[in-house]
Amino acid sequence: MDGALLYALAMAARSAALGGATFLLLAGEGALARRVTLAAAVAAFLAALAGLPATQGWGGWIGALGALGAAGGLAALAWRGAPASVLVALAGLLLPAAILQAGVHEAALPFLGTLLREAGAALWMGSLPLLWFALAGEGAGEAARRWTLLALGGMALALPGVLIAAGEPFGGGAIPTLIATGLLLLALAAGSLWLAWRARAGDGAARLRPLAEAAIILALALCAPIAALLAGKAGPALWPALPAAVLALALLAGLLLPVPGFVSGATALALAAAGLLALGVGAALAGVLAVLAGAARWLAWRGAEGACETRLAEALWAGLALALPLALLLARAGG
């Protein structure tokens, strides 16, 4: 398996393990969070095993042993119904151990930056799907208010990690992808803060769920530029942005022609997917615009009637969609 792909899968597994365990501890959503933690721990154990042939150095082997032990123990204890505090402790041990196994042990600063970024992402972004499911059950308001602690804590951890990463050397071709990552991160932070604010204000699930869905779309889109940077493939590519341009025109046509609701939702998801594809191969500007337009269109379709974020989204998605063809022309001119 490709090294960058294995690392991305392992990162997702350990982030889900920490996010699920912490959500179980703070938000009290038992069954689903426990199942997510169990599945993520098993995946992290398998990823640590698969990474053994590529493990190098004393730090890597210490990390490998720690990752195998923490992931195996986490899976066993999650299966046996251990207290959430124990699961959080093991998931917290798994994170630095797996980072060491991946080879980030040559210097303290890169290790610290990676640890802060992954821990922050796990607490903040990894808990978004669990929040969405929690909003469908009883005690949704209390679960949402407790989730705000995860979101704010995750942002506080991730920010210094991102600043450390900003000082790391990258090739010139990676600059557009880095900018795209920063823009998506800012959009996700703004959406998460608004979601946390509305949860603290006591809004119901009918308003909070669309905000959570838009945040999940943005969080998923962040995976594409991160994977591109890990793989070292951040060069220009125009063809994946062409579907985004077509969908942008379809969105603009929707301003003039009424369409059924499900068509509007499907178009928003397709636009976000086209943007994710573009980001994955380095078409940064068009990819970001496509993802943002898709998320805004989804929020405009799903948002509660009369909510201010719905009206804002209706204005934003049209402007972003209009910018997509211009982005393509600029990309062609720059190439």
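Modeller: Let us begin with Trp-301, which is partly exposed, with a relative accessible area of 35%. Here buried means under 20% relative accessible area, exposed means over 50%, and partly exposed lies in between (1.4 Å probe, protein chains only). This is a predicted model, in which local features need pLDDT of at least 70, side-chain atom pairs count only at pLDDT 80 or more, and totals for chains, interfaces and linings use all residues. Residues are numbered from 1 along each chain as its sequence is written, and side-chain values use heavy atoms, with hydrogens and water left out.

Colleague: With which residue does Trp-301 form an aromatic pair?

Modeller: Rings of Phe, Tyr and Trp (its six-membered ring) pair if their centres lie within 6.5 Å; planes under 30 degrees apart count as stacked, over 60 as edge-to-face and the rest as tilted. A search of the whole structure finds 2 aromatic pairs. One of them joins Trp-132 and Phe-133 edge-to-face, with 5.0 Å centre to centre and 85° between the planes. Trp-301 pairs with Trp-298, also edge-to-face, at 5.0 Å centre to centre and 75° between the planes. Trp-298 and Trp-301 are 3 residues apart in helix 12, so about one helical turn separates them. Helices (H or I, at least four residues) and strands (E, at least two) are DSSP runs, numbered from the N terminus. Trp-298 is buried, at 13% relative accessible area.

Colleague: Are Trp-132 and Phe-133 buried or partly exposed?

Modeller: Trp-132 is partly exposed at 24% relative accessibility, and Phe-133 is partly exposed at 44%. A charge sits over a ring if NZ of Lys or CZ of Arg is within 6 Å of the ring centre and within 35 degrees of the ring normal. The charged end of Arg-198 likewise sits over the ring of Trp-194, 5.6 Å from its centre.

Colleague: How many salt bridges does a search of the whole structure find?

Modeller: A salt bridge is a side-chain nitrogen of Lys or Arg within 4 Å of a carboxyl oxygen of Asp or Glu. The search finds 6 salt bridges. In one of them, the side chains of Arg-14 and Glu-118 meet at 2.7 Å, N to O. This pair links distant parts of the chain, with Arg-14 in helix 1 (residues 3-26) and Glu-118 in helix 5, 104 residues apart. Arg-14 counts as buried at 3% relative accessibility, and Glu-118 counts as buried at 5%.

Colleague: Which parts does the salt bridge between Arg-302 and Glu-213 tie together?

Modeller: The closest N and O atoms of Arg-302 and Glu-213 are 2.8 Å apart. Arg-302 lies in helix 12 (residues 284-302) and Glu-213 in helix 9 (residues 205-231), so the bridge ties together parts 89 residues apart in sequence. Arg-302 is partly exposed, with a relative accessible area of 29%, whereas Glu-213 is buried at 10%. Elsewhere, salt bridges that share partners join Glu-142, Arg-145 and Arg-146 into one network. Another bridge joins Arg-207 and Asp-203 at 3.2 Å, N to O; Arg-207 and Asp-203 are both buried.

Colleague: What span should helix 5 have?

Modeller: The expected span of a helix is 1.5 Å times one less than its number of residues. Helix 5 (residues 108-124) has 17 residues and should therefore span 24 Å; its end C-alpha atoms are 24 Å apart, which agrees. Among its buried residues are Phe-111, Leu-116, Glu-118 and Trp-124.

Colleague: Where is Thr-37 placed?

Modeller: Thr-37 is in helix 2 (residues 30-50) and counts as buried at 0% relative accessibility. Not counting residues up to four places away in sequence, Thr-37 touches Ala-17, Gly-20, Ala-21 and Leu-74.

Definitions and conventions
Contact = heavy atoms within 4.5 Å.
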